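I kept them in the order in which I looked things up.

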Amino acid sequence: MRWIDTLEGAAAEKLPEAVHRYFRQGSAGGVSVAEATSAWSAYRFRPHVLNDVSAVDLSTTVLGTPVDAPILVAPSTMQRMADPDGELAMARGVGAAKSVLGVSSNAGTTFAELGTTGVPWWLQIYVVRNREITVRMLDAAVEAGARAVVLTVDTPVVGRKEDDGETVWDVAQPGQFLANLPVGDWTDDDLAKADDLNPDVIGWLAERTGLPVVVKGVLRGDDAKRCADAGAAGIIVSNHGGRQLDGSIPTAQALPEVAEAVAGSNLEVYVDGGIRRGEHVLAALALGARAVFVGRPALWALTVGSSEGVTRLLTDLGTELDHTLRLVGVSTPSSLTPDLVTTRSAG
């Protein structure tokens, strides 16, 4: 059995049940989270033959940052429940793999601490109703060396979770999340997700921070074009790991339309959701993604193996990608094209 396939089971033995459920669950009936991986596995390849693949190079850049492989770690919260060092352990693992780390605005580690690691990281931000909170978080992240802002746009309200019994919020301890919440007498309304956003927020974030803005949560080509027109530097095709609108289409299905809508622009396209194999990474890159993000597998790896587990996860997926590139007859990710991928025939 592949090591990655053992991770969730091993993590479940170490985590409190409420935490394991929080990491793995989707919203409502769990339709979208259940479909994510199978949607990638539904693709089929049309490989080239008689191409020289004696030297394969996985390296690329994301928003100008060099990475050893186009496999990045998605932002996620409650990492101190997976490992006592939380985001610092995740950062060490990402750094050893020469990748990029997405950092949740709900992280349990301060941006200043993350900045001392030297690992390239992007801040994921929710714009909340009280903009002062958002501005102060952005300023702290910029000061700590964040290289991009990842604006989550699919959360005007938080997706409904159908918990049975104890929840993660019942077992969370002070200091395990919201380490970067500015000091203040904030109300629940202050902290609620802003539900009045429009594309102008992209320019506002770019101007405030001086950083490239990546819009996370796009599933449609027309929305991708609106983001590009508003000045976004990148888009993450994402349905929030199936944790927002249940029944949202899998990212594997959404990616081709989004990539086509912004083709010819300088905007970089990324994708997350259900990616578990080198073949999935290959399909994503061929269909127009510059890189992929992995979320839950990184949490399982952090739980089971701390920073070394995260490094192994990223390098194992990279090794599988190298193998599949050779078999599809291509020596670099940038040489992949959509004609290498087709959908599975019916019957």
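Entry 1, helix packing. I began with helix α1 (residues 3–14) and helix α14 (residues 296–328), whose axes come within 10 Å and cross at roughly 170°. Angles over 145 degrees count as roughly antiparallel, so I noted α1 and α14 as roughly antiparallel to each other. The model is a predicted one, and I read what follows with that in mind.

I then listed the residues that make the contact. From α1 they are Trp3, Ile4, Leu7, Glu8, Ala10, Ala11 and Lys14. From α14 I wrote down Pro297, Trp300, Ala301, Thr303, Val304, Gly309, Arg312, Leu313, Asp316 and Leu317. Sorted by type, the residues of this contact come to 11 nonpolar, two polar and four charged.

How many salt bridges does a search of the whole structure find? The search returned 17. I looked at several of them one by one.

I took Arg21 and Asp163 to start with; their side chains meet in a salt bridge at 2.7 Å, N to O. Arg21 belongs to helix α2 (residues 17–24), while Asp163 sits in the loop between β7 (148–152) and α8 (168–171), so the pair ties together parts that are 142 residues apart in sequence. I checked the accessibility of both partners. Arg21 is buried, at a relative accessible area of 9%, whereas Asp163 has 33% and is partly exposed.

Next I turned to helix α7 (residues 131–144), which holds both Arg136 and Glu132. The side chains of these two residues form a salt bridge, 3.2 Å from N to O. They are four residues apart, which means a separation of about one helical turn. Both ends came out as partly exposed: Arg136 has a relative accessible area of 33%, and Glu132 one of 42%.

Another residue of α7, Asp139, has its partner elsewhere in the chain. Asp139 forms a salt bridge with Arg208, with the closest N and O atoms 2.6 Å apart. I placed Arg208 in helix α10 (residues 200–209), 69 residues from Asp139, and so recorded the pair as a link between distant parts of the chain. Asp139 is partly exposed at 32% relative accessibility, and Arg208 is partly exposed at 40%.

I also noted a network of salt bridges that links Arg2, Asp5 and Glu320.

Which side chain of opposite charge is nearest to Asp190? I found Arg129, at 8.7 Å. A salt bridge needs the nitrogen and the carboxyl oxygen within 4 Å, and Asp190 has none, although it is buried. Asp190 lies in helix α9 (residues 188–191). I then looked up its contacts, leaving aside neighbours within four places in sequence: they are Val128, Arg129, Asn130, Ile133 and Asp185. Arg129 is thus one of the residues in contact with Asp190, yet the two form no salt bridge.

Where is Ser265 found? I located Ser265 in the loop between α12 (251–261) and β10 (268–271).

Conventions. Residues numbered from 1 in each chain as written. Predicted model: local features only at pLDDT ≥ 70, side-chain atom pairs only at ≥ 80, totals over all residues. Heavy atoms only, no water. Helix = DSSP H or I, 4+ residues; strand = E, 2+ residues; numbered from the N terminus. Buried < 20%, exposed > 50% of the residue type's maximum accessible area, 1.4 Å probe, protein only. Lys, Arg positive; Asp, Glu negative; His and termini not counted. Contact = heavy atoms within 4.5 Å. Axes fitted to C-alpha atoms, helices over the stretch in contact; angles between N-to-C directions. Parallel < 35°, antiparallel > 145°, perpendicular 65-115°, else oblique. Nonpolar A, V, L, I, M, F, W, Y, C, P; charged D, E, K, R; others polar.
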